[in-house]
Amino acid sequence: MTEKILFLDLETTGLAGGAGTYAFLVGCGWFEPPSPSSLGQGASFHTRQFFLADFAAERALLESVTHLAGDFSCLVTYNGKAFDLPLMETRFALQRMETPFADVAHVDLLHPARRMWREEDVECRLTYLEQALCGHEREGDVPGFEIPSRYFRYVRSGDARPLEAVFEHNRLDIVSLAMLTARASQLLEDGPSSATTPREAFGMGRLYERAGMFEDALAAYRVCVDAEAGLKARPCTGDLRADALRASAILLRRLRRYQEAAAAWRELLGMRGCPPGYGREATEALAVHHEHRVRDLEAARGFALQALPLQATAARQEAVKYRLARIDRKLGARALPCLPLA
């Protein structure tokens, strides 16, 4: 059975949270499956907005939200884990009401979006992703910082005209949230080869790994590392490639696929411009691998020597020196001649 998903976005009287912050506009959206009579038509998307016309009407607003939310088994928000849901829980608690979201599965799309689509020095805002991924640029959109003041102006004057743009802003946020959720879901369903950028592939790998889909995660990391094999976009370069190799090596080690993990560490170590921290981690991992699993003490000693100047602290340097001393003792014992038995 397909879960019914409710998309939720709030407009509030401030960003501080706490008892003094109200959700004066609760925007909801959902997909409605086609009716049997509508042949050839797909699902339709519906929005509903609950507006707090007066502070005394908050209980009625929350009751309406509760009535709608009861039909859904999953909630999708954008930064809702940190802001929207805690704020709603506060409002329900102050009205001595039970929150309808307590037992509902919650997906905060902000975190998958950051993994797959965030660019350097660009905030991962809905409006940015809407433009970058969907090609839609809003015209005349009200800035977020203006929204509380527009509501307070309405409270003082009773003139609701300045709120028209706020309602439209909220509606577009809900639609964008649904579009991004659909895009992310389709990418993950189609698999790593559907990624269009190295960033997207790496983010998909992280999401697969969190879901326990380890083979898909490894495939996504490989798509990121080897752009020619799986991506049509620019090659994967720099820190992102190093991130994918490190993630692959760590996951393979968790899966006890030690030879493959060692190969990933070597590939990371041989990368031009390998970050120093990753280089230290790779040399240490390879020293452990060759000492304890392959039993190649000469190789283990070589990696330990390579790791020694990379250590950032005296304690780490002492740990590597201790490893070198242990390997040298093993090599010395191996070199001792076998004495004949009397």
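The largest pocket of this predicted model has a lining of 27 residues, and those nearest its centre are Leu15, Arg125, Gly144, His169 and Asp173. The space in this pocket comes to about 930 Å³. By residue class, the lining of the largest pocket consists of 12 nonpolar, six polar and nine charged residues. Several elements take part in the lining: β1, α2 (80-94), α3 (110-117), α4 (126-134), α5 (147-157) and α6 (164-190) each give at least two residues. The largest share, four residues, is that of β1.

One of the residues nearest the centre of the pocket is Asp173, and its place is in helix α6. Is aspartate 173 buried or exposed? Aspartate 173 has a relative accessible area of 8%, and because the limit for a buried residue is under 20%, aspartate 173 counts as buried. Beyond the residues up to four places away in sequence, aspartate 173 touches Asp9, Glu11, Leu126 and Arg138.

Alanine 19 sits in the loop that runs between β1 (5-12) and β2 (23-32). Which residues does alanine 19 contact, leaving aside its neighbours within four places in sequence? They are Thr90, Arg91 and Leu94. For arginine 91, the separation from alanine 19 is 72 residues in sequence, while the C-alpha to C-alpha distance is 7.4 Å.

Helix α2 holds alanine 82. The relative accessibility of alanine 82 is 58%; residues over 50% are classed as exposed, so alanine 82 is exposed. Between alanine 82 and threonine 13 there are 69 residues of separation along the chain, and their C-alpha atoms lie 16 Å apart.

Returning to tryptophan 117, its contacts, not counting residues up to four places away in sequence, are Tyr128, Leu129, Leu133, Leu180, Arg183, Ala184, Leu187, Arg199 and Glu200.

The cysteines can be treated briefly. How many disulfides does the model have? The count is zero. Cysteine 28 illustrates this: the nearest cysteine sulfur belongs to cysteine 74 and is 14 Å away, and cysteine 28 is in no disulfide. A disulfide requires two cysteine sulfur atoms within 2.5 Å, so a pair must meet that limit to be counted. Cysteine 28 is also buried, its relative accessible area being 1%.

The last stop is helix α12 (residues 276-293), where valine 288 is found. Valine 288 has a relative accessibility of 25% and counts as partly exposed, because that class covers the range between the buried and exposed limits. Apart from neighbours within four places in sequence, the contacts of valine 288 are Arg293 and Arg323. Glycine 270 is 18 residues from valine 288 along the chain, and the C-alpha atoms of the two are separated by 18 Å.

Methods: Residues numbered from 1 in each chain as written. Predicted model: local features only at pLDDT ≥ 70, side-chain atom pairs only at ≥ 80, totals over all residues. Heavy atoms only, no water. Buried < 20%, exposed > 50% of the residue type's maximum accessible area, 1.4 Å probe, protein only. Contact = heavy atoms within 4.5 Å. 1 Å grid on protein atoms, 1.4 Å probe; cavity = no way out; pocket = protein on both sides within 12 Å on 5 of 7 lines; lining within 4 Å. Points joined across faces, edges and corners; volume = space filled by probe spheres on them. Nonpolar A, V, L, I, M, F, W, Y, C, P; charged D, E, K, R; others polar.
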